[in-house]
Amino acid sequence: MYINTNVYLKCGVFGVLCFHRRDYNSLHKIRWRSACSHFCLIVDNRKGRGIRYRKVSSLVMDKFESNVNTKEYFKDLPLASSYESAMEALSSLITGQRRGEKSSIQSKYEKLERMSMYLQILGLEEHIVGLKIIHVAGTKGKGSTCTFCEAILRECGLRTGLFTSPHLIDVRERFRINGLEITEEKFLQHFWECWQKLKENSTEDLPMPPLFQFLTVLAFKIFISEQVDVAIVEVGMGGKFDSTNVIKEPVVCGITSLGMDHTETLGKTLREIASHKAGIFKPKIPAFTVSQLSEAMDVIEETASELKVPLKVVAELDPKKLEGLKLRLSGDHQLINAGLAASLCKCWLQRTGNWEKLFKNDILESDLPEAFRRGLASAHISGRGQIVHDNSSGSYISSNVSEVSRGDLVFYLDGAHSPESLEACAKWFSSSIKDNELVSSLRVENMDCILGNGHLQHEQEKNGSCKISKQILLFNCMELRDPYILLPQLANTCASSGTYFSKALFVPTMSAYNKVTSGASRVPSDICKRDLSWQLNLQRIWEKIIHGKEMDASSDKSFNIDSAKTLPHEFLYQDASHFSPAENSSPCSAVVPSLPLTIKWLRDCVKQNPSLRLQVLVTGSLHLVGDVLKVLRR
């Protein structure tokens with residue numbers, strides 16, 4: 001074992017540049033004591049595990065000597081270690097500020113002024129126009145619309161860059177080149193270049209940017225370095241004061257469906273929210289939107305008129321134009337997003353001179369080019385109308401209902417978190433499970449469907465068994481949301497389609513809001529000290545929706561578990577009355593402190609009963625959807 005410690009950091013921390021592996025297994029622990037803190041570096045040669053850090057915090061990251069080349073230093077480390085160090089650095093940019101609170105950044109410059117200065121430091125500002133950007137804002141569907149745009153233009157033969165948020169599992173999901181998330185190697189290259197230059201130039205008036213501002217700057221750095229032909233940029237929140245609105249000359253702008261969300265920041269009325277969204281409009285730059293409520297549309301049209309913006313309202317896509325193909329993104333609401341994306345892409349191609357090159361004006365105004373159809377049919381985004389089949393030994397993702405009809409445990413994932421998006425989610429879920437049952441019925445000789453108590457029962461299948469389908473809700477939402485609006489919207493929309501949940505499970509998220517994690521990050525196992533007061537509140541609201549009365553204390557004690565217990569299997573089969581007050585009604589929900597424990601219970605249920613099919617809707621939070629995907633892939 002050879003360790004080169006020629007690079008020194010402040011506080012007496014040594015930098016290890018390289019080591020050589022012996023033929024024997026060894027584990028070396030090197031510990032230094034410094035004026036700042038203890039620092040421990042473990043060099044582990046077993047099975048090529050490389051270097052692991054203990055207590056490598058952002059405080060240590062911040063104390064690099066200015067003459068140490070950060071990028072070069074981490075380039076020589078094993079990739080996983082360097083990547084986790086980048087996550088530590090990113091985590092140090094999280095301000096801890098709650099939405100709606102005044103910014104904790106102390107600076108004489110406004111946010112967009114700081115964004116411009118960050119771009120100037122990195123030498124990017126003059127190159128942004130060359131990205132030929134499509135800029136998209138909205139309340140719901142903006143991520144899907146951007147994804148449709150990227151897929152369409154990629155099918156047209158263009159090199160695409162896509163920036164969306166948030167990520168579900170790994171931060172690299174936010175940055176896609178030609179439809180693929182950026183590799184770890186390229187991410188690290190661009191990340192450390194940005195980090196080092198911004199760190200060297202940070203001052204009291206221009207501190208390091210908060211997380212989303214840094215990621216936005218990083219997106220521009222990646223797209224410029226990777227020489228994309230087009231960059232599709234999704235607004236983070238709002239529009240007028242969003243970090244992405246440093247874009248001064250997009251090729252075209254779009255606004256998706258608007259609704260009531262982020263009201264603590266954007267305003268309490270639809271008019272105020274629309275004003276923020278329309279803030280991305282630029283003078284004389286074409287813009288497109290979809291049908292909106294008059295309160296929102298009035299503001300959009302007023303803003304467009306003031307800036308002399310050519311504005312067009314786009315109708316939802318006619319499925320016949322796909323000529324037999326289907327959208328991979330599930331739900332009827334995606335036709336609205338697809339129609340907007342098609343218009344944005346056509347405008348972009350025309351304004352950049354690519355339309356005539358590609359199609360030689362042979363396409364009629366009402367027609368959809370073949371490349372558009374292929375792009376719309378292939379576009380996919382995780383956590384939005386996503387179906388994952390689980391067989392306990394592995395999971396696979398499907399957007400095809402017929403493919404999941406075999407399964408006993410199927411997760412329906414949608415990160416809806418506003419009243420409008422939960423309504424769309426409920427319609428998609430109800431439609432999907434009915435399509436699934438219809439496919440299953442094709443293999444049934446004599447089927448008797450009984451709807452009630454949250455399950456569908458199919459008798460006398462070909463194999464002679466009786467198949468019971470139960471719908472389960474797995475839910476959590478941020479405390480800033482209003483569950484008194486969200487949960488009734490979800491339950492009532494499902495009920496109007498004849499879909500009832502047998503049980504609802506409320507769980508806290510595993511994701512730490514104060515830390516950026518990667519796909520390799522450990523799933524936390526410490527659940528003993530979780531505060532479940534928010535989940536208990538969600539449960540009480542749900543029980544009142546279902547039973548029409550407050551949940552009594554005995555129910556609260558019987559069906560909420562601590563870290564040492566699990567739900568009894570009998571709980572799944574204790575039926576509850578739906579939407580009707582009933583004396584002694586069985587609790588139809590539970591609070592579980594651990595998501596892994598919840599999924600284990602669901603898996604055990606289907607293992608113990610071969611005739612059981614569980615269809616689990618996971619919604620209310622993209623963080624929850626991401627956590628479920630993390631558990632399922634392990």
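Trainee: Where does Lys 142 lie?

Mentor: Lys 142 lies in helix 5, which covers residues 142-155. Keep in mind that this is a predicted model.

Trainee: Why is Lys 142 called buried?

Mentor: Its relative accessibility is 12%. Buried means under 20%, so Lys 142 counts as buried.

Trainee: Which residues does Lys 142 touch?

Mentor: Leaving out residues up to four places away in sequence, Lys 142 touches Val 136, Ala 137, Glu 234, Val 235, Gly 236 and Thr 256.

Trainee: What makes the pair of Gly 138 and Lys 142 a polar contact?

Mentor: The backbone oxygen of Gly 138 lies 3.4 Å from a polar atom of the Lys 142 side chain. The cut-off for such a pair is within 3.5 Å, so the distance qualifies.

Trainee: How do you know that strand 6 and strand 10 pair?

Mentor: Two strands pair if there are at least two bridges between them. Strand 6 (residues 133-137) and strand 10 have four bridges, in the parallel sense, so they count as paired. As one example, His 135 has Val 233 in strand 10 as its bridge partner.

Trainee: Which sheet holds these strands?

Mentor: An open sheet of eight strands, in the order 9-8-7-10-6-11-12-13, with mixed pairing.

Trainee: What makes strand 9 and strand 13 edge strands?

Mentor: Strand 9 (180-181) and strand 13 (311-314) each pair on one side only.

Trainee: Which residues touch the most other members of the largest nonpolar core?

Mentor: That core has 43 residues, and those with the most contacts to other members are Leu 90, Phe 175, Phe 187, Phe 191, Phe 214, Phe 220 and Phe 223. The elements giving two or more residues to the core are helix 3 (79-91), helix 4 (111-121), strand 8 (175-177), helix 6 (184-200), helix 7 (211-225) and strand 10 (230-234). Helix 7 supplies the largest share, nine residues.

Trainee: What does Phe 223 touch?

Mentor: Among its contacts are Leu 131, Phe 163, Ile 177 and Ala 231, with residues up to four places away in sequence not counted. There is also a second, separate core of 40 residues, including Ile 134, Cys 156, Val 251 and Leu 335.

Trainee: Why is strand 19 called largely enclosed?

Mentor: Strand 19 spans residues 467-475, and nine of its nine residues are buried, so the rest of the structure largely encloses the strand. Both faces are covered: Lys 467, Ser 469, Gln 471, Leu 473 and Phe 475 are buried on one side, and Ile 468, Lys 470, Ile 472 and Leu 474 on the other.

Trainee: How do you know that strand 19 pairs with strand 22 and with strand 20?

Mentor: Again, at least two bridges are needed. Strand 19 makes eight bridges with strand 22 (residues 612-619) and four with strand 20 (residues 503-506), so both pairs qualify. Both are parallel. Leu 473 has Leu 617 as its bridge partner in strand 22 and Ala 504 in strand 20.

Trainee: What unit do strand 19, helix 16 and strand 20 make?

Mentor: A right-handed β-α-β unit, in which helix 16 covers residues 483-496.

Trainee: What are the totals for the protein?

Mentor: The protein has 20 helices and 22 strands. Of its 634 residues, 55% are buried. The protein exposes about 28100 Å², with 48% of that supplied by carbon and sulfur atoms.

Notes: Residues numbered from 1 in each chain as written. Predicted model: local features only at pLDDT ≥ 70, side-chain atom pairs only at ≥ 80, totals over all residues. Heavy atoms only, no water. Core = buried A, V, L, I, M, F, W, Y, C linked by side-chain atoms within 4.5 Å. Buried < 20%, exposed > 50% of the residue type's maximum accessible area, 1.4 Å probe, protein only. Contact = heavy atoms within 4.5 Å. Polar contact = N/O pair within 3.5 Å; in protein donor to acceptor, adjacent residues only side chain to side chain. Right-handed = clockwise from strand over helix to strand, strands pointing away. Areas by Shrake-Rupley, 256 points an atom, 1.4 Å probe, with all protein chains shown as cover.
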